[in-house]
Amino acid sequence: TTDLFKNEKNSTNYILTKHTFCFVWQIAMIILFGVFIRYDEESDTHWVETKAHDNITSDIENDFYFRYPSFQDVHVMIFVGFGFLMTFLKRYSFGAVGFNFLVASFGLQWALLMQGWFHSLDPQTGKIFIGVESLINADFCVAGCLIAYGAVLGKVSPVQLLVMTLFGVTLFAVEEYIILNLLHARDAGGSMVIHTFGGYYGLTISWVLYRPNLNQSKRMQGSVYHSDIFAMIGTLFLWMFWPSFNSAITDHGDGQHRAAINTYLCLASTVLTTVAISSLSQKTGKLDMVHIQNSTLAGGVALGTAAEFMISPYGALIVGFFCGIISTMGYIFISPFLEKTLKIQDTCGIHNLHAMPGVIGGIVGAITAAAASESVYGKQGLINTFDFTGDFKDRTVLTQGGYQAAGMCVSIVFGVVGGAIVGSILRLPIWGDPADENCFDDEVYWEVSLPDEEEEHQESIPPILEYNNHMIHKQQDL
Amino acid sequence: TTDLFKNEKNSTNYILTKHTFCFVWQIAMIILFGVFIRYDEESDTHWVETKAHDNITSDIENDFYFRYPSFQDVHVMIFVGFGFLMTFLKRYSFGAVGFNFLVASFGLQWALLMQGWFHSLDPQTGKIFIGVESLINADFCVAGCLIAYGAVLGKVSPVQLLVMTLFGVTLFAVEEYIILNLLHARDAGGSMVIHTFGGYYGLTISWVLYRPNLNQSKRMQGSVYHSDIFAMIGTLFLWMFWPSFNSAITDHGDGQHRAAINTYLCLASTVLTTVAISSLSQKTGKLDMVHIQNSTLAGGVALGTAAEFMISPYGALIVGFFCGIISTMGYIFISPFLEKTLKIQDTCGIHNLHAMPGVIGGIVGAITAAAASESVYGKQGLINTFDFTGDFKDRTVLTQGGYQAAGMCVSIVFGVVGGAIVGSILRLPIWGDPADENCFDDEVYWEVSLPDEEEEHQESIPPILEYNNHMIHKQQDL
Amino acid sequence: TTDLFKNEKNSTNYILTKHTFCFVWQIAMIILFGVFIRYDEESDTHWVETKAHDNITSDIENDFYFRYPSFQDVHVMIFVGFGFLMTFLKRYSFGAVGFNFLVASFGLQWALLMQGWFHSLDPQTGKIFIGVESLINADFCVAGCLIAYGAVLGKVSPVQLLVMTLFGVTLFAVEEYIILNLLHARDAGGSMVIHTFGGYYGLTISWVLYRPNLNQSKRMQGSVYHSDIFAMIGTLFLWMFWPSFNSAITDHGDGQHRAAINTYLCLASTVLTTVAISSLSQKTGKLDMVHIQNSTLAGGVALGTAAEFMISPYGALIVGFFCGIISTMGYIFISPFLEKTLKIQDTCGIHNLHAMPGVIGGIVGAITAAAASESVYGKQGLINTFDFTGDFKDRTVLTQGGYQAAGMCVSIVFGVVGGAIVGSILRLPIWGDPADENCFDDEVYWEVSLPDEEEEHQESIPPILEYNNHMIHKQQDL
């Protein structure tokens, strides 16, 4: 009965823009894909000729069989992992899982084009040739934007999300090009490229969109028992499949093998220190679901760069050990500080789960790279791991460490500057963002059956009560 | 306290039949498997000799490694995907996920036999040799029956479901034999064989079992907040793993690779147009969870036939674009029309998710096949893709397009005629189907704790209220 | 407002112990991993040299590609499968999924060390070399402890769980060494090593920790509608991925292929007989969710040993047929008997899901091994399947059958004796176990929003009622 939108004009604009956005965008994608995107030689029917030409003896050597299982795991992380991780709010689960679905589907198409133009445009034909590795990279690119979504969850409209993603994917492709191609830094699991960038991008946007009166929607900000269990679905699928995330695009053979082992170990270690700190933080020694849902994942983020290196099993455990501590401490001490002092409202605490661990991951990567040696890696192993070929064949591991560190700075700069610009665009009063009192409420954007209608036992409440309820509602409306 | 069954006699019959059905059937399966089913040469201990004989150098060339990851994804789609997609009803989630579990486990055994007899019975030994591809095909066959379940969800007894599945699998094996073997049509992801057949089979059964007084269970027909989120688990696992579904039994190498890429792209496109139409359909611009849960999947259905063809990436996007529009429109306009005018009650809207997109998929497949050319596919690529070998080595692509279209007609005819016959059998008053007022209610078939007992805070309602509740209940009983 | 801990002193001890335990343990792990654990030759950068040395032509022959998809499925079973299967209790879902997460992460690190010392310590270097198979084995080892957790779910503190796991993993590694290495029994899916051991270990601990006044927490012992659906997530992921569980470490090629087929068939059969018996057990013919959630999995347990043998497809169906019956009967008849007569309180009914089916699996394995013949397996096939090489090259199948049976006895003895010892340790009054009236209640160990706060519609309850509620609460406090 009450108007859900603060500003009638905004809501009209918003409705127009949303449909148009999806339609126009999808038509543009079809045209651009028609012009640019083609199957690569491993997914084209001419594969039979490629095989003969390259003396490939078996279909099993098609890259599909090296990467498809990892791709599917990553795909689950993007859609179920990120989607359900954000369902913890008591009345924003539709928005969490539904807008995550929309944004990811939207972003991955644009990512295929942007990453194609920057990384794999064939100069002769002017085409982008895609295969399973392109799909993984598109999912990775989208992950950066979904991380940013975590900071503004419940406070922005779907159109704002789509705009955030449009610019986010664009910025991602550029910083990725600079870090991986120009600086020739290694970042297979994206500590820098995905998590640091995505984290600071989202935090800066949230800072620009600061809402001083957000406590007006306080009653919507908590979780309920079942929404916390839904969120654990997201946590666990992210946690379990993170070894696939960090190994999905590493080298065939030992590269994928080692990245999976390192991530598996690192994450196990993170769980223990997360539990320890969470329990220490409460006088009663009780555990906080927020920490279990989020900080347990920090180890995977922090091993994104170094997972494919010879960091050794105990090295992976050490990284996880500290990440669990730092991330949980972040939820306890840093998040309140960010909100009060720096005016950064971070709904999901992405600073603790992505930004900080991402930076740690960049540093770990730089140190591990600088410390690499032929005695540990072997001559050819060192070349393979750091791709010291072509223009970079004379690079030393120390130089590599320096470029790794430079890469991390690039990702922070892109996140902060990009976030500031995009945040300013999103502040324009044309996007139909929800009023402060409607934040974290699915009813603004979804057809939701009212709680009163939901609970069947309400039917048995006697008429006198129904009447009273009705009176109270009426009074609230006045 | 009230009798849940309209007819005491039915309920007795039903109880007898249900146990007997499961036991007798399982014993029959054991006997038939004993007579007919054996391991194929890749899953038999004699594989070591096969390897030596065929000069296979590595165990990795066993078909298991080409198809097992896809198989597991398909398996998840059947049991978690279909099962949870149907949990959206507020009080039929046990039935959705539980009967889906029962029906699929029952059907896949019968499917291995039926498909074996029709497709792979060894003429010399009279045996059926099974491997991982047989398991995928059995899961596919069961999918057809689970689609049909969607139309009658909440309105039939478990025994009716088992009978539906028994006949459904049988019909499936026959139409599949006609379409794939006799007509030599291609249909790797089953747009025709699985979705069109399953859709019309279920719709026709639902038409025969029309319940004019179904509004007596109106209070049970909606969803509640958490049941909609459970349904999203089903949606997402179907959506994410659909590339595996469409590529699971395509050719090794580029065939699987291309089918996965096409499906991935098509589904992303579907999400955007589904959101656009869903939002357009409401004055407020709000989204409807029903559309997001179902129509986002239509693209995967519609690419079932053409996924392995060189439809090209933008072609996949175009298919997804239109499927999202048509499927969502279906929920808004066609479903109410079907119910009012044609008397087809379609609980899950399978007409919009499977039947229509399936037909579109058949048409897309026929056109794409007819338009195939040696310049695009390459000489050998064309032969491989359409299997122009043996009896079919002189077939042209135009002829192939015609046979594809013929295949689609076969699947529709089998669905409608089969559904009419099976529906008539299910109308016999011996199956213990629930009364109109007990539809969509788990309590008929499951031990369920009453809602009153569930909510702990009820304990704190003061005695005066408890008393009133009790009075009201008593009055209702009278 | 009331003190949740019976004994103030215990609670203090518990708080101290819990943090310390996690920290000290994780630091110990880092040190031990630093001393002992290294990458194996397939996950080390020297793989490029190994390949050249061993004439391996392609990276795809790295063990990673044989086992990683199965590993990820097993990983999902451990964390989502076991975790969500135990969420059925109305107010212990945090504990179920959260402590499962903690215990598994804790146990797998210790498992890598213990299994490494016993199975793969390199005598020359004194190092343990790990690869993807080691990760699978660590997950398997943890599974044994999670099974035991099922028996004591809701009745022990997290520290008790960690102690149980610490000893459980240790015992597991020893019995596994005796059964697989000394007795040279085959047990790829762990009917004996994992399920029988884990089952009896947990049951014996539960027996030692018998709580005569457990009915004081009776109001917490049931499930609610949504918690039962959460549990079905666990059930289905266990059920679907069990073929991967039983085939994860079997022989490359036909071994993995056959184990997956057998388990797939066996589980399908189990579902039908479970439904039949569950329905038969109620006068009304209704189904019980407890049976569907648990007994449907018994077939996978019982085929753990024989899955890789030539048990033949109908053999797998027969095993599933009887396991569904026996396991469901167990829930109906044996569990109440165990509780009343033997004083074993088994929260999740692991006796019916793991212990009994595990013993059946051991017997099936022994019989199938003893009945193996060269005519069925082929000469080389027999040697490969039972690994009749080295010291065991002259072993006959009959002898093998005997050793299989001996292996099963070892697993039972380790479970019972180990459980008795560990149970006695856990009875010491220093672990902060919950009081009888606080069992099955998340509030003891987790920050939980109160149910009253959760339900928004409570807000609309008129003041008079709120007051009454308050009065009643006060009275209860007195």
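**Note on helix packing and chain symmetry**

1. Start with chain A. Helix H4 of chain A covers residues 93–119, and helix H6 of chain A covers residues 158–182. The two pack at an angle of about 35°, and their axes lie 9 Å apart. H4(A) passes H6(A) in a right-handed crossing. Sorted by class, the residues of this contact are 17 nonpolar, 6 polar and 1 charged. Please keep in mind that this is a predicted model.

2. Next, the annotation. The UniProt record, an unreviewed entry, lists residues 62–444 of chain A as "domain: Ammonium transporter AmtB-like". Over residues 62–444, chain A is 70% helix and 1% strand.

3. Now the symmetry. How are the copies related? Two copies of a chain are related by a rotation about an axis and a shift along it. For chain B and chain C, the rotation is 120° and the shift along the axis is 0.0 Å. The RMSD of that superposition is 0.0 Å. This is therefore the relation of a three-fold axis. In chain B, Pro69(B) has the C-alpha nearest the axis, 3.6 Å from it. The copies use different surfaces: of the contact residues of chain B, 15% recur in chain C.

4. A rotation of 120° with 0.0 Å of shift along its axis does it, with an RMSD of 0.0 Å. Which residue of chain A comes closest to the rotation axis? It is Pro69(A), whose C-alpha is at 3.6 Å. Here too the copies use different surfaces, as 14% of the contact residues of chain A recur in chain C.

5. Turn to helix pairs in chain C. Two packed helices are described by the angle between their axes and the distance between the axes. Helix H6 of chain C (residues 158–182) and helix H7 of chain C (residues 191–208) pack at about 140°, with axes 10 Å apart. H6(C) and H7(C) are therefore oblique to each other. H6(C) passes H7(C) in a right-handed crossing. On the H6(C) side, the contact residues include Met164(C), Phe167(C), Leu171(C) and Phe172(C). On the H7(C) side, they include Phe197(C), Tyr201(C) and Ile205(C). Which charged residues take part? The contact has 12 nonpolar, 1 polar and 2 charged residues. Glu175(C) and Glu176(C) of H6(C) are among the residues that make it.

6. A further pair in chain C is helix H13 (residues 350–370) with helix H16 (residues 397–427). Their axes come within 7 Å and cross at roughly 165°. That angle makes H13(C) roughly antiparallel to H16(C). H13(C) passes H16(C) in a right-handed crossing. Among the residues that meet are Gly362(C), Gly365(C) and Ala366(C) in H13(C). They face residues of H16(C) including Gly401(C), Gln404(C) and Ala405(C). By class, this contact has 10 nonpolar, 5 polar and no charged residues.

How values were computed: Residues are numbered from 1 along each chain as its sequence is written. Chains are lettered from A and ligands numbered from 1 in the order in which they are written. This is a predicted model: local features need pLDDT of at least 70, side-chain atom pairs count only at pLDDT 80 or more; totals for chains, interfaces and linings use all residues. Side-chain values use heavy atoms; hydrogens and water are left out. Axes are lines fitted to C-alpha atoms, for helices over the stretch in contact, and angles run from 0 to 180 degrees between N-to-C directions. Helices (H or I, at least four residues) and strands (E, at least two) are DSSP runs, numbered from the N terminus. Angles under 35 degrees count as roughly parallel, over 145 as roughly antiparallel, 65 to 115 as roughly perpendicular and the rest as oblique. A crossing is left-handed if the near helix is turned anticlockwise from the far one by less than a right angle, and right-handed if clockwise. Contact means heavy atoms within 4.5 Å. Ala, Val, Leu, Ile, Met, Phe, Trp, Tyr, Cys and Pro count as nonpolar, Asp, Glu, Lys and Arg as charged, and the others, Gly among them, as polar. UniProt positions are given in the numbering used here, feature names are shortened, and annotations may be inferred rather than shown by experiment. Copies are superposed by least squares on the C-alpha atoms of residues with pLDDT of at least 70 in both.
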